[in-house]
Structures are given as structure tokens and as C-alpha cells.
Amino acid sequence: MTELLDGIADVRFGASGAICAVRLAGGWATVSRVANQWLVETDWWRTPVRRHYVRLLLESRGGGRPATGRGTADRREPADECVELYRDLETGDWHWSRRYD
């Protein structure tokens, strides 16, 4: 299921210039990896839309889902959260797009 989001996103960048953390309601969440990224440039004849989208996997902040398989009764796997943000290439602002579960 996908939850559509909106609003300005607070992001932190690492030394390489890549996003390393995003602020969620409960505090900062570390990016475990960038799953995908792409550019959207459209409506150049009206009001141009230029965006850089990123789909991020955020590290689990505790809990997690029960592990599966033999001998896993007392372990838990991390429950990475998947979110999508975009940077408006005209203003430079980062925005929320959606959350996946």
C-alpha cells in the first residue's frame, strides 16, 4: 500500500553530498540506501515541472518484523521503511512524495 504525502522534507547530507538522513515525526531516520532515483521534466510549454526524485530505504528504528526461517524464533529482522522524496529543481526545496509499506 502507498500513502501519498506532501509538505517540505527536512534532509541531511553526508560528506559525499548524498542524503544520509530525513526527519520523521519521531526524529531523524538514517538512510540505509538509495533504492532508485530519476528526473522528471514536463509541462515546459506551461508551468515547467523539474524534479529529482529519490526512493530511500530508512534504517529500522527498533522493533522490526519477526524473522522467518528455521531457528529464528527469538530474532527480529529490521523493518526498513521506504519513502520517496523529490527536490524541486527550480527552488531547491525537498518535498515528501509517498511512503511505501
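## Overall composition

A residue counts as exposed when its relative accessible area is over 50%, as buried when that area is under 20%, and as partly exposed in between. By this scale Glu41, with a relative accessible area of 54%, is exposed. The structure discussed here is a predicted model.

The protein contains nine strands and zero helices, so that from the N terminus on its elements read β-β-β-β-β-β-β-β-β. It has 101 residues, of which 27% count as buried. The exposed surface comes to about 7,000 Å², with carbon and sulfur atoms supplying 47% of that area. Among contacts with a separation of 6 or more, 49% are between residues 24 or more positions apart.

## Nonpolar core

In soluble globular proteins, nonpolar side chains tend to be buried together. Here the largest nonpolar core has 14 residues. Those with the most contacts inside this core are Ile19, Val22, Leu56, Leu58, Leu85, Trp94 and Trp96. At least two core residues come from each of strands E3 (19–24), E4 (27–42), E5 (49–58), E8 (81–88) and E9 (94–100).

## Histidine 95

His95 is located in strand E9. Its relative accessibility is 17%, and His95 therefore counts as buried. With residues up to four places away in sequence set aside, His95 touches Gly7, Ile8, Ala9, Leu85, Tyr86 and Asp88.

## Strand pairing and hairpins

Strands E3 and E4 run antiparallel and are joined by four bridges.

Trp38 has Tyr53 in E5 as its bridge partner. The hairpin of E4 and E5 has six residues between the strands, and in this hairpin Asp43 takes a positive phi near 55°.

## Salt bridges

Side chains of opposite charge can pair when their charged atoms come close. The structure has eight salt bridges. One of them is between the side chains of Glu3 and Arg99, at 3.1 Å from N to O. Glu3 belongs to strand E1 (residues 2–4) and Arg99 to strand E9, so this pair ties together parts that are 96 residues apart in sequence. Glu3, at 40% relative accessibility, is partly exposed, and Arg99, at 28%, is partly exposed too.

A further salt bridge joins Glu41 and Arg50, whose closest N and O atoms are 3.2 Å apart. Glu41 is exposed at 54%, whereas Arg50 is partly exposed at 31%. Glu84 and Arg98 also form a salt bridge, with the closest N and O atoms 3.2 Å apart. This pair links distant parts of the chain, with Glu84 in strand E8 and Arg98 in strand E9, 14 residues apart. Glu84 has a relative accessibility of 3% and so counts as buried, while Arg98, at 26%, is partly exposed. Salt bridges that share partners also join Glu3, Glu81 and Arg99 into one network.

## Cysteines

The structure holds zero disulfides. Cys20 has a relative accessible area of 31% and is therefore partly exposed. Cys82, at 14% relative accessibility, counts as buried.

Definitions and conventions
Residues numbered from 1 in each chain as written. Predicted model: local features only at pLDDT ≥ 70, side-chain atom pairs only at ≥ 80, totals over all residues. Heavy atoms only, no water. Core = buried A, V, L, I, M, F, W, Y, C linked by side-chain atoms within 4.5 Å. Buried < 20%, exposed > 50% of the residue type's maximum accessible area, 1.4 Å probe, protein only. Contact = heavy atoms within 4.5 Å. Areas by Shrake-Rupley, 256 points an atom, 1.4 Å probe, with all protein chains shown as cover. Salt bridge = Lys/Arg side-chain N within 4 Å of Asp/Glu carboxyl O. Pairing = 2+ DSSP bridges. Disulfide = S-S within 2.5 Å.
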